[in-house]
Amino acid sequence: MTQILKKEQLSEQVYRFRIDAPHIAKRRKAGQFIMVRANNHSERLPLTIANASKDDGWIEIIFQTIGASTTELGLLNEGEHVSDLAGPLGKPTHIENFGRALCIGGGVGIAPLYPIVTALKEAGNDVSTIIGARNKGLLILEQEMQAQSHKLFVATDDGSYGQKGFVSDIFKQLLAEGQKFDFCVVIGPAPMMKATTVLTVGAGIKTFASLNPIMIDGTGMCGGCRVTVFGETKFACVDGPEFDAAGIDWDSMLKRLGSYREFEQKAKDKHICQLGTEQ
Amino acid sequence: MSDNAEKKPPVNERFIKTPMPEQMPEERIRNFAEVPYGYAAQEVAREAARCLQCKNPACVAGCPVGVKIPEFIKCLAENRFRDAAQVLKECNTLPSICGRVCPQEDQCEGLCILGRKGEAIAVGNLERFVGDWAREHSDQLDIKVKPKNGKKVCVVGSGPAGLTAAGELAKEGFDVTIFEALHEPGGVLVYGIPEFRLPKEIVQSEIESLQQLSVKVVKNFIVGKSATIDELMDEEGFDAVFVGSGAGLPSFMQIPGENSIGVYSANEYLTRSNLMRAYKEDSRTPIINGRRVVTVGGGNVAMDAARTALRLGADKSIIVYRRGEEEMPARKAEIHHAHEEGIDFNLLCNPIEILADEKGFVKAVKCVRMELGEPDQSGRRKPHVVAGSEFEIPCDVVIIAIGNRPNPLIPETTQDIEVSKHGTIKASEEDGRTSKKNVYAGGDIVTGAATVILAMGAGKRAARSIIEDLL
């Protein structure tokens, strides 16, 4: 348990770890997450499970090295162990045959979208997937998504790959073409989810968004991950992480995500600085 | 005692409690070291000698785990520390923790006969001394462990209820495994109670002593998620399960502005500081070090949070509580320490809104004044709002310490377990039995948020039932 079986770098800042975790692999369902700590000083990081094999007893996580703790995680190598790994947590995505399903992923949010695309396809849905990133180098899992989706659309902000623009631009085009969808899941950076779900909900599509608020324990204990959904306080860890996008108070969530921006930058600078001296 | 003595003030030495040496308030508010230093042998001897050695000791009746108080105090008075430790360890699994965190004034000390005419025996201070002695001299103690009986018991949660149940069962020869959701065992003793009140090394050493009794501790395992109770029993071969998962779901006030940046549940604030060591330089976990911190609530957790805020560098730490100081559920010692440390008590005052700046950061709490009316169901006088009494307290951090609801993970995932309308698991107060066969529960998951010692009492009673039912 907890050994890194395989490490891949998917883009400049994005890594995929395959971790030995038979217990979690056996039970996890699409949409669930784990808590991981790289070492004894690291924060507990909530990461949605990107893939798993029940038979071989592993799970995969995909993460971007943004802060000090994700940087520390990215420094671990194949054969090494993460200090702590717990899960699967959160409620699984509600999967059924909705008919035509639309899955929209942005940036590193494409990773947690992958098992949902797979599960929706297995349930018999006709799955259209839109993925996007800032540029070609940051786009992940294109081939995997291609294999699991009936149709795949790709956008990059700078136009270095696929269509130039945002995932929401592609959605607008599909809508303009008169395409209809019965169900939609959106995962990505919070501003992207806000912008995209406003459109999908506006088009009358039942839409769920997988939220990524600040979280400590992941079991309901701290309440740090609270979000307002249809006017009620919900905890993303036990009530989510997916919520009906029509009721999410995005502005409050976006503000809360910025709680520690200053600390994070300082911690990262300091960490990089220390790494420099060690070398 | 003669009638004459009753009329006189307690000048007799016997009526005066031996003071506990402590860090000075001005010094301790800038560090996380424990506040009381603990009695030295000389102080122990003086305090123990005050005990009347009652034939029918009221103190014991007041102890949820039934510690043989006069017996261990007698050993102390006779300078027999090892014997005192032996007596204490046999009835209490975690004495150095209880000595520090029990509400003695409502239990043993509250019933002490000496307390009628003077100051009660400092049972807590003496227990702490013996507990610490026992930790440091564990090789001299003779803990009787019965041979293995071949039965496997799973304990869910490594807080006070779980640790106590595990200890009792291990001594009885059960094969015990504790499952802990977090990365460090100890439950509220580690994530909640701060270092200055309960040093973490004490909790660690108590857990190590359980491991020496061959109790296994599995961290990062969330029963209900990593495996259900039914799976643990059917597939992993556990013969019984004790659920001591605690009241891990913080309550909020449901007032406007509660999601502003800088509003924490006490659980989050304390977890960041304690479990995640945000107070240490090398921790990656951030915490907002407010200059002016308002803590809402009047229990031990509120005191812990308000005092932690000072130690994290607040200029002003303010408690806001809707009733009066008399009604505060916190231990007297904690309230006293909080006063000494210069914490402002804003009593009969209730928040109605949290105000934030344009970026979403807290800037003030809007409150109303309250007045006390008739006693409510809890026997405490019910507070009412004073009309037109709104006022603002400027601050940059708000900590909500108004209690916890039971964690839903186990009730949601366990078949045939009866749950109350509040979400607590229904279990007998006397024996810890639930509606599900061979599943027992105790502590906050049954009672709702309560105290460490009540959880320990429940763990002990449930262990007795397991022994009765399985052997």
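Angles under 35 degrees count as roughly parallel, over 145 as roughly antiparallel, 65 to 115 as roughly perpendicular, and the rest as oblique. This is a predicted model, where local features need pLDDT of at least 70, side-chain atom pairs count only at pLDDT 80 or more, and totals for chains, interfaces and linings use all residues. Residues are numbered from 1 along each chain as its sequence is written, chains are lettered from A and ligands numbered from 1 in the order in which they are written, and side-chain values use heavy atoms, with hydrogens and water left out.

**Helix pairs**

- Two packed helices are described by the angle between their axes and the distance between the axes.
- Helices (H or I, at least four residues) are DSSP runs, numbered from the N terminus.
- Axes are lines fitted to C-alpha atoms over the stretch in contact, and angles run from 0 to 180 degrees between N-to-C directions.

**α15 and α16 of chain B**

- Helix α15(B) spans residues 300-311, and helix α16(B) spans residues 332-340.
- Their axes lie 10 Å apart, at an angle of about 25°.
- The two helices, α15(B) and α16(B), are therefore roughly parallel to each other.
- On the α15(B) side, N300(B), M303(B) and R307(B) make the contact (heavy atoms within 4.5 Å).
- Their partners in α16(B) are E334(B), I335(B), H337(B) and A338(B).
- These contact residues of α15(B) and α16(B) divide into three nonpolar, two polar and two charged.
- In this scheme Ala, Val, Leu, Ile, Met, Phe, Trp, Tyr, Cys and Pro are nonpolar, Asp, Glu, Lys and Arg are charged, and the others, Gly among them, are polar.

**α5 and α6 of chain A**

- The axes of α5(A) (residues 167-176) and α6(A) come within 9 Å and cross at roughly 10°.
- Helices α5(A) and α6(A) are therefore roughly parallel to each other.
- V167(A), S168(A), F171(A) and K172(A) of α5(A) touch M192(A), T196(A), L199(A) and T200(A) of α6(A).
- This contact of α5(A) with α6(A) has four nonpolar, three polar and one charged residues.

**Salt bridges**

- Side chains of opposite charge can pair when their charged atoms come close.
- The whole structure holds 48 salt bridges over all chains (a side-chain nitrogen of Lys or Arg within 4 Å of a carboxyl oxygen of Asp or Glu).
- D251(A) and K194(A) form a salt bridge, with their closest N and O atoms 2.8 Å apart.
- This pair links distant parts of the chain, since D251(A) sits in α8(A) (residues 250-257) and K194(A) in α6(A) (residues 190-202), 57 residues apart.

**Between chains A and B**

- Chain A gives 44 residues to the contact, and chain B gives 47.
- Three salt bridges are found across the interface of chain A and chain B.
- K91(A) and E412(B) meet in a salt bridge at 3.7 Å, N to O.
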